[in-house]
Amino acid sequence: MNTNSHSPKEPSVGTVYLVGAGPGDAGLITRRGYDLLHNHADVVLVDALVDPSLLAELPAHVERRYVGKRAGHHVMKQDKIQELLVETAKAGKNVVRLKGGDPLVFGRGGEEAVVLREAGIPYEIVPGITAATAATAYSGIPLTFRRKSCYAVLFTANAAPAREGECGVIPLADFAKLKDGTLVAYMGVRVLAKVAEQLIKDGMPADQPAAVIERGATGAQKVVRAPLSELAEKAKTEDVKPPALIVIGEVTELPDQIAWYEPGPLATKRVVVTRPVGQARELVDGLRGLGAEVLHIPAIRFEERFDRDTWDALLTDVDARRAKSPGQVGWLVFTSENGVRFFFNGLRRMGRDIRFTGPFKLAAVGVATGEALAEYGLTADLVPQTATGKALGAELAEVATQGDLVIRVRGELGNPAVETALANADVTVSPLTVYTTLDASIDELDQAWMHQKDPDYIVFTSGSTLQAFRRQWGDEEADRILNATKIVSIGPVTSSLIRGMGYDIALEADPHNNAGILEVLKEKSA
Ligand code: SAH
């Protein structure tokens, strides 16, 4: 698709993609936009109104920059942003400039394109769903409707009324005379009273149906409807804040017939998920489904460990055992989904494949581990009643055959519970370390999000994750965040470790998995 970009591309220059992220709900970005973000971007410049969950789990090399409003700071100046776009592309990087809504609707995308053209930087513009269509759709307000509205006018209200603004004078007096149409004002919350007053003064009926939609198409959507003359007062009573859209016209009466969107039980809640990449998707998606705004800021990450000598020795042993007795060689033991993934990576590096597992029975702790095995077409033969390494070791000791080889696939920091439980069984235990756990780092975007607004909840699935979180943010900032936020723990073991570090647990999941976390948040936050 690069062929669509404007101007032939010099090999050393990156392309800038001006991408509309849609209005809030991360599901409303286009496929093209999502693909560019995940598969082509080297650098992403992010605006304030973009749903954080869109920026989670990008490939590790992608640099995320925040250019929106920060608490206590000003917006990065437009000319600085433009400079940054040009510089970054000139350095050979592909840039995704991710903007709320559509890049060309009150988004300065057009201005950026002009600058890029002048600088000889190739670019592509990917449209997005603008607030005027998204917020109205999620409120049950069609922009056009037979016999009620035959056109829609989009304008920015902050240049109104009759004030020379960046867009020149907004012709409110002309708008006031329009009939059978819909007026949609962006950036209008602060001037709502003035705009309404002016329109009425200029001849619009005082009882003209109207609405304000705050944070449309997000879990926090709020729709306030009133006749034009009462709208500002009602919006004030209901504490409507930006970003919000003003919609004026008979179509604002239609929600009575066609409104459909119900924000979920966690609407308006901001939840931080600290689980590592690869283990957070279910939780993040589940929380979003409940209406929460989710910041996925992994506290830890995993890195492969591959020791060829250990693998060599192991494979030699297995091959010798197979040659001697072609039946069962023993057990392969997995206690985490990482273990499964990194094990099969290692196996591939050794030039082997799934058939290696043939003469083994498989033991697995935890639902997620079982699911990871299923991705390789495998089903565990033994899953202990209780999801702990200790229980697995104990059950395995009962069923293992004398002389079995037990390959214990593990992380570098894993606990020795399985080995301990098997100490007295007549089996050979071969530990195989396939990954290690490291602290994840935070970037400019994580910091900007955290400073924008304190989270309501922060989820920890282990004590060590909280320790990593403290190292990540620094003790002082971590304490500030943790004291301003309710801590959600995955279960009693994690809770007691966290309490031991001096923090309160607000909610504890039962069952002790992602589903349990979602359940407890849904119930208790209501
Ligand atoms: N390019 C964006 C608009 C940016 S200007 C777009 O196409 O949507 C910012 C203004 O957009 C806000 O002041 C508000 O009026 C509107 N806006 C953005 N997101 C919104 C949302 N989720 N709900 C209602 N209005 C929104």
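In this predicted model, pLDDT stays under 50 over residues 160-167. For that stretch the model has 16 contacts beyond four places in sequence. Over the chain, the mean pLDDT is 91, and 94% of the residues reach 70 or more.

**Aromatic rings**

How many aromatic pairs does a search of the whole structure find? The search gives 17 aromatic pairs. A pair of aromatic rings is described by the distance of the centres and the angle of the planes. Two of these pairs are set out below.

| Pair | Centre to centre | Angle between planes | Kind |
|---|---|---|---|
| Phe 343 and Phe 344 | 5.1 Å | 85° | edge-to-face |
| Phe 460 and Phe 469 | 5.5 Å | 85° | edge-to-face |

Why is the pair of Phe 460 and Phe 469 edge-to-face? The planes of Phe 460 and Phe 469 stand at 85°, and planes over 60 degrees apart count as edge-to-face, so the pair falls in that class.

Are Phe 343 and Phe 344 buried or exposed? Phe 343 is buried, and Phe 344 is buried as well. In the other pair, Phe 460 has a relative accessibility of 0% and therefore counts as buried. Phe 469 has a relative accessible area of 1%; buried means under 20%, so Phe 469 is buried too.

Phe 343 and Phe 344 also belong to a cluster linked by ring pairs.

**The ligand**

There are 17 residues around the ligand. Which of them come nearest? They are Val 105, Thr 130, Met 187, Gly 216 and Ala 244.

Val 105 has a polar backbone atom 2.7 Å from a nitrogen atom of the ligand. For Gly 216, a polar backbone atom likewise lies 2.7 Å from a nitrogen atom of the ligand. With Pro 23, a backbone N or O atom is 3.2 Å from a ligand nitrogen atom. The ligand taken alone exposes 540 Å², and the protein buries 90% of that area.

Notes
Residues numbered from 1 in each chain as written. Predicted model: local features only at pLDDT ≥ 70, side-chain atom pairs only at ≥ 80, totals over all residues. Heavy atoms only, no water. pLDDT = per-residue confidence, 0-100. Contact = heavy atoms within 4.5 Å. Phe/Tyr/Trp six-rings, centres within 6.5 Å; stacked < 30°, edge-to-face > 60°. Buried < 20%, exposed > 50% of the residue type's maximum accessible area, 1.4 Å probe, protein only. Near = heavy atom within 4 Å. Polar contact = N/O pair within 3.5 Å; in protein donor to acceptor, adjacent residues only side chain to side chain. Areas by Shrake-Rupley, 256 points an atom, 1.4 Å probe, with all protein chains shown as cover.
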